[in-house]
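Work through the exercises below with the sequence and the model side by side. Try each task before reading its solution.

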Amino acid sequence: MELTIRTSELQDMVSKVIKCSSNNKLLPLTSLMSIKVESNFLTLATTDGTNYFYSRKEDRVDCEDFEVSVMADLFTKLVQKTTAEEIKLTIENGILSVKGNGTYKVELPFDENGNPIKFPKKIKSDFREEAGSIKLSTIKNVINANKPSLAVNMEYPALTCYYCGDSVITSDRKKICDTAIKMFEKPMLITSTLMELLGSVSMEDIEVTLTDDDVVFTSGNDTIYAPITEGVDTFPVEAILGLVKSEFASSCKISKTSILNIIDRLSLFVSPYDKRGIYLTFNNEGIMLRSKKSSGEELIPFIESNNFNPYTCCIDIEMLRSQIATCEEDTIEIHYGSEIAIKLVNKNIVQIVALLEDDRMEA
C-alpha cells in the first residue's frame, strides 16, 4: 500500500481530528488515529470515547483500500513538523513509513488477534431524520457567551452542558447566560466537549441529522458523531427563565471597556480574605466600584440611566469580569435593584450574576 498526499492537506486534516483525541489511558482507542482509504477516499478519525471526529480528503486518492490506526499524538506531530511539499505513506510488515523530509517508521498497533486496529462504524446507514442546519459563526458566538456560565462539577450533570431549546442556556447556579438562538427543532443537551469540536469545523454551514440515539453534524468534509446526551428533562429551564425574565427596578448603560479596565485595576486591591467580593454602589453619577477594605475605588459614569434608585450590593469580581468580557458590543445594559442578582443585557444575550452576602449589612 502506498499513498501520496500534499503535506498541507494532511496537516489540515490532522489538526482538526486531533482535537477529539483525549488520550484516556483507560480507553486505548482514544490515543489512536484511524487512517482509512475506501473507494479512493482518504478519511482520518479520532475519538474521545464518546464523540467521533472524521475528516475526509476532498479529492480522490490513487490508492487501494486499507484501514490502520496509529498513535495520534506522534503521527500528528510528525506531520505538522514536515516541511516537504508531499508526504508518502507506505505500509509494510506492520510498519507505517512516513516519507517527507526524511523517512520515519511508525509501528502500527494490533488487536489481540494480530489484526490492525479498526475504529467501530458509528454512523449507520439507517434512516436519519434531517434536523436542519446551524452556522459555525453561531456556534462560536454561543461558546463565547455561554461557556463562562457552564458548571464545572458533576453535582448537577445537566448543568455541565449547553441546553439548546428555544434559546441556548447555561448555568453554574451562580451565573446564568441565555442566548436567544434556536439551534435545533427539539430541545437537546450539547456537552462542552462536543460544542468545542463543532467550533473547529472548517465550513460555515453544518448539517444536522438525528436518530433516537445519536446526532451527526456534517460540515463540508468534516463529520462529527455524538450520542444523544441524556438528562434534557432534568435541566431547570423554567426556574432559570424565571430569573432571566424577571423585572428589575432600575437599569443603566455603561462602557464595557471602561468597567473592565476598572476591574483590572481594582482586582489588585482584592485580597484572598475578601473572598473576591467588591462593592457596587449605584448613585446619581454612575457606579462606584470599591474594594472591601476601601483601599481602592473608582467611578464609572452612566451612558444612560432609567428609573434611577440608590442601590448597593456585593459581588464576586471574577464572576462579574467573566460575564462582562463576553459581551460583543461596548455598551452594556445593567439591570439592578434585586436582592439576589444583577442582570446584564447585550444584543440577544441575557446574563444573570448572583450577589454575595454584603458584610456591611451583617455589621
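**Exercise 1: a bridge across the sequence**

The side chains of K147 and E196 form a salt bridge, with 3.1 Å from N to O. A salt bridge here is a side-chain nitrogen of Lys or Arg within 4 Å of a carboxyl oxygen of Asp or Glu.

Solution. Helices (H or I, at least four residues) and strands (E, at least two) are DSSP runs, numbered from the N terminus. Step two: K147 is partly exposed, at 43% relative accessible area. E196 is partly exposed too, at 33%. The classes are buried (under 20% relative accessible area), exposed (over 50%) and partly exposed in between, with a 1.4 Å probe and protein chains only.

Two notes on the source. This is a predicted model, in which local features need pLDDT of at least 70 and side-chain atom pairs count only at pLDDT 80 or more, while totals for chains, interfaces and linings use all residues. Residues are numbered from 1 along each chain as its sequence is written, and side-chain values use heavy atoms, with hydrogens and water left out.

**Exercise 2: the network at E9**

Which residues are linked with E9 in a network of salt bridges? Is E9 buried or exposed?

Solution. Step one: find E9 in helix α1 (residues 7-17). Step two: R6 bridges to E9, with the closest N and O atoms 3.6 Å apart. Step three: the network links R6, E9 and K57. Step four: leave aside the neighbours of E9 within four places in sequence, and E9 is in contact (heavy atoms within 4.5 Å) with K57 and D59. Step five: E9 counts as buried because its relative accessibility is 18%. R6, at 43%, counts as partly exposed.

**Exercise 3: another pair, and the total**

How many salt bridges does the structure hold? Which residue does R290 meet in one?

Solution. The structure holds 18 salt bridges. One of them joins the side chains of R290 and E297, at 2.8 Å from N to O. E297 is partly exposed, at 48% relative accessibility.

**Exercise 4: positive phi**

Take N40 and R173. What is phi near in N40, and what is it near in R173?

Solution. Step one: phi of N40 is near 70°, a positive value in a residue other than glycine. N40 sits in the loop between β2 (32-38) and β3 (41-47). N40 is partly exposed, at 30% relative accessible area. Step two: R173, also not a glycine, has a positive phi near 80°. R173 lies in the loop between β11 (168-171) and β12. At 55% relative accessibility, R173 counts as exposed.

**Exercise 5: the whole protein**

How many helices and strands does the protein have? What share of its residues counts as buried?

Solution. Step one: count eight helices and 25 strands. Step two: of the 363 residues, 50% count as buried. Step three: the C-alpha trace spans about 80 × 45 × 35 Å along its principal axes. Step four: among contacts with a separation of 6 or more, 63% come from residues 24 or more positions apart.
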